[in-house]
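Please look over the sequence and the model first.

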Amino acid sequence: MAAPGENLRINGDRLWDSLMEMAKVGPGVAGGNNRQTLTDEDAEGRRLFQSWCEAAGMTMAVDTMGNMFMTRPGTDPDALPVYMGSHLDTQPTGGKYDGVLGVLGGLEVVRSMNDLGIKTRHPIVIANWTNEEGTRFAPAMLASGVFAGIHTQDWAYDRADAKGLKFGDELKRIGWVGDEAVGARADKIHAMFELHIEQGPILEAEGKDIGVVTHGQGLSWTQVTVTGKDAHTGSTPMPMRRNAGLGMARILELVDEIAWSHKPHAVGAAGHIDVYPNSRNVIPGKVVFTVDFRSPDIAVIRDMEQRLAIGAKTICDDMGLGLELEKVGGFDPVKFDEGCVTAIRNAAERLGYSHRDIISGAGHDACWINKVAPTAMIMCPCVDGLSHNEAEEITRDWAKAGADVLLHAVLETAEIVE
């Protein structure tokens with residue numbers, strides 16, 4: 001395959017304008033975004049993306065999980081398509097770039113191809129994967145997981161949010177249930193590339209333009225329910241308390257201890273915590289929280305899970321508390337396709353961008369798609385490594401560099417037709 005000429009670049013100003021325009025949909029309270037999956041704001045963002053893609057000459061297909069696929073045809077009707085994409089949904093207090101850069105970076109690649117009159121043998125597809133964040137409907141990467149055969153659609157449709165609303169009902173309510181069977185195209189992907197912000201501090205700290213993602217950390221989410229007894233905080237003697245909140249505190253100390261024991265690559269914490277009844281003068285009778293363990297080594301993840309189960313039971317038994325553990329999400333460590341990784345590294349070198357190999361500490365749709373098709377990821381820096389926060393920030397130059405590398409990796413893989 002011939003390499004694209006190093007003079008081929010995307011339009012960085014147009015990419016940035018698109019990012020800022022999408023950020024107007026579902027604005028947050030502090031400069032970021034609240035465009036949670038299957039909300040009215042999600043539907044509005046989808047419609048805007050659809051309009052841009054169709055204006056660029058692409059055609060849309062939507063599957064029964066709401067995954068959007070926008071296609072630019074190739075010259076060979078029998079050639080399998082090359083995919084780009086990520087997600088448009090955000091955290092409740094999310095930034096303007098997490099996921100969105102990968103979707104709109106893909107759009108900018110197609111727009112730039114149109115500007116330059118470039119044709120490829122393989123078709124090009126931009127994917128917007130539904131519910132990558134998993135903040136409203138756990139687990140994360142839900143729809144790409146169904147697409148790749150990790151979950152069943154019935155199970156996914158039955159996932160409920162904090163208000164008891166179900167994924168399948170909400171997908172129908174916002175009008176984004178497609179007619180394509182989910183996963184029907186899973187064995188018809190030539191390759192997929194996902195551009196994403198790093199969500200960590202390494203690239204910025206080392207002054208690197210591009211992260212060439214070789215592996216993804218494995219992840220384990222365990223939902224922990226500790227049950228005690230609601231009681232008055234003032235009139236209940238200390239020996240007679242069954243304090244679920246205190247039990248949670250001791251378990252979270254255990255989680256921290258377990259993660260530190262596997263330094264430097266393992267991490268662990270609880271980000272989602274619900275306390276009941278959550279009243280100032282009532283001892284918590286129940287707490288529900290999710291423990292997030294991550295490591296690039298599957299044996300380490302299994303060890304952390306086992307030590308949590310044993311340790312949490314000991315803590316709760318000693319305190320007279322009830323305990324339930326439920327695995328609500330997770331995936332094994334990922335090794336991305338060597339051919340796709342090489343295409344990204346070659347692109348960065350050809351374009352003169354500084355780069356380094358990196359392991360992704362977060363989960364991404366590419367982790368699931370890697371199970372059914374050759375896949376790899378491109379990362380750009382983000383300020384102070386901050387993400388899942390409205391203050392998340394990147395620069396125009398970082399966004400442009402990432403999209404330039406995406407353009408070259410895709411063109412090399414999709415084969416330019418002279």
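This is a predicted model: local features need pLDDT of at least 70, side-chain atom pairs count only at pLDDT 80 or more; totals for chains, interfaces and linings use all residues.

Residues are numbered from 1 along each chain as its sequence is written, and side-chain values use heavy atoms, with hydrogens and water left out.

**Helix α10**

Helices (H or I, at least four residues) and strands (E, at least two) are DSSP runs, numbered from the N terminus. Helix α10 covers residues 338–351, which is 14 residues. The expected span of a helix is 1.5 Å times one less than its number of residues. For α10 this gives 20 Å, and the end C-alpha atoms are 20 Å apart, so the two values agree.

At the start of α10, a side-chain oxygen of Asp337 comes to within 3.0 Å of the backbone nitrogen of Gly339. This is a polar contact (a pair of N or O atoms within 3.5 Å; within protein, one must be able to donate a hydrogen and the other to accept it, and residues adjacent in sequence count only if both atoms are side-chain atoms). Just after α10, Gly352 has a positive phi of about 80 degrees.

Buried means under 20% relative accessible area, exposed over 50%, and partly exposed in between (1.4 Å probe, protein chains only). In α10 the buried residues are Cys340, Val341, Ala343, Ile344, Ala347, Ala348, Arg350 and Leu351. Their cover includes strands β6 (191–197), β7 (210–216), β15 (355–360) and β16 (375–380), together with helix α12 (396–414).

**His408**

His408 is found in helix α12 and is buried, with a relative accessible area of 0%. Its side chain reaches the backbone oxygen of Leu8 at 2.8 Å. Contact means heavy atoms within 4.5 Å. Leaving aside neighbours within four places in sequence, His408 is in contact with Pro4, Gly5, Glu6, Leu8, Ala347, Arg350 and Leu351.

**Nonpolar cores**

A nonpolar core is a set of buried Ala, Val, Leu, Ile, Met, Phe, Trp, Tyr and Cys residues joined through side-chain atoms within 4.5 Å. The largest has 102 residues, and those with the most contacts inside it are Phe49, Leu104, Ile126 and Phe193. Helix α12 gives the largest share of this core, 11 residues. At least three residues of the core come from each of domain 1 (12–216 + 333–414) and domain 2 (218–331); these bounds come from an automatic or database domain assignment. A second, separate core of 22 residues includes Val224, Val226, Phe289 and Ile315.

**Aromatic pairs**

Rings of Phe, Tyr and Trp (its six-membered ring) pair if their centres lie within 6.5 Å; planes under 30 degrees apart count as stacked, over 60 as edge-to-face and the rest as tilted. By this rule there are eight aromatic pairs. Two of them are listed here.

| Pair | Type | Centre to centre | Angle between planes |
|---|---|---|---|
| Phe69 and Tyr83 | edge-to-face | 6.2 Å | 75 degrees |
| Phe137 and Phe167 | edge-to-face | 5.6 Å | 80 degrees |

Phe69 lies in strand β2 (residues 68–72) and Tyr83 in strand β3 (residues 82–86), so their pair ties together parts that are 14 residues apart in sequence. Phe69 is buried at 0% relative accessible area, and Tyr83 is buried at 1%. Phe137 lies in the loop between β5 (124–128) and α4 (142–147) and Phe167 in helix α6 (residues 167–173), so this pair joins parts that are 30 residues apart in sequence. Ring pairs also link Phe69, Tyr83, Trp129 and Phe147 into a cluster.
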